[in-house]
Amino acid sequence: MMETLASKLTHLFISLSNKDYSEDEVEIFDYGFQCFINSFSTDLILIFWGIITSSLFETLCWLTIFCIYRHHAGGAHASTSLRCIIASSLLGMSNIIPLYCVHYTDFFFRVCFCISFVVTLIYAPSKSSKKNLSRGQAIYQKLVLVTLVWICFSLSVLLPTEISISLCYGIFVAALLL
């Protein structure tokens, strides 16, 4: 379904550009449109979820940190675009659970940060057939991720509890997908 829509957008883009593209370039456009549709769909679903649950800002915090971490770390991928949208949306919606369990915050979320930190040190960035990193690039990505986890942990001490929970949970979920 999403692949068909991406293909139609690719062909529309090509027809509007009045240029000839190689098959490899068409595949790249197709993949780019698939990524855009997946991200845009998930973002819209989570924004709507945040609005109806009165947790829009917390949901946006979760989404932002989750996306930044996933961008640098990689990780597990769904087998289809639709499954990706559903899984990502459900993961984002699950942020509401720790938000309603605030009384468990201190111990539970420090443990989540520690687990995220250790998982990041050991497994990040994940190996991918689509993204081959040199040793230097992998070390750089790991440093970015460790810094991200550390910054989120540090900010969680200063920020309101709900925001801290969303940052922590976003990092934790993304790390578990490695």
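Which helices each supply at least two residues of the nonpolar patch? Helix 2 (23–52) and helix 3 (56–73) do, where helices (H or I, at least four residues) and strands (E, at least two) are DSSP runs numbered from the N terminus.

Before selecting anything, note that this is a predicted model, in which local features need pLDDT of at least 70 and side-chain atom pairs count only at pLDDT 80 or more, while totals for chains, interfaces and linings use all residues. Residues are numbered from 1 along each chain as its sequence is written, and side-chain values use heavy atoms, with hydrogens and water left out.

**The whole chain**

Start with the C-alpha trace, which spans about 60 × 45 × 25 Å along its principal axes. The secondary structure comes to 8 helices and 0 strands, and of the 178 residues 37% count as buried (buried means under 20% relative accessible area, exposed over 50%, and partly exposed in between, with a 1.4 Å probe and protein chains only).

**The nonpolar patch**

Select I47, F48, I51, I52, L56 and L60, which form a nonpolar patch on the surface with about 530 Å² of accessible area together. Patches are made of residues with over 30% relative accessible area and no salt bridge, nonpolar side chains (Val, Leu, Ile, Met, Phe, Trp, Tyr) being joined within 5 Å and like charges within 9 Å; a salt bridge is a side-chain nitrogen of Lys or Arg within 4 Å of a carboxyl oxygen of Asp or Glu. Helix 2 gives the largest share of the patch, 4 residues. I52 has its place in helix 2 and counts as exposed, because its relative accessibility is 52%.

**Helix 2 against helix 4**

Next show helix 2 with helix 4 (residues 81–93), whose axes come within 9 Å and cross at roughly 30°. The axes are lines fitted to C-alpha atoms over the stretch in contact, with angles running from 0 to 180 degrees between N-to-C directions. The two helices are therefore roughly parallel to each other, a term for angles under 35 degrees.

**Loops and backbone**

In the loop between helix 1 and helix 2, select N18, a residue other than glycine whose phi is positive, near 55°; N18 is exposed at 69% relative accessibility. Then move to S54 in the loop between helix 2 and helix 3, where phi is near 55°, again a positive value in a residue other than glycine.

Finish at P125, in the loop between helix 6 (105–123) and helix 7 (135–158), where a cis peptide bond joins A124 and P125 with omega about -15°.

Methods: Accessible areas come from the Shrake-Rupley method with a 1.4 Å probe; for residues, only the protein chains shown count as cover. Angles under 35 degrees count as roughly parallel, over 145 as roughly antiparallel, 65 to 115 as roughly perpendicular and the rest as oblique.
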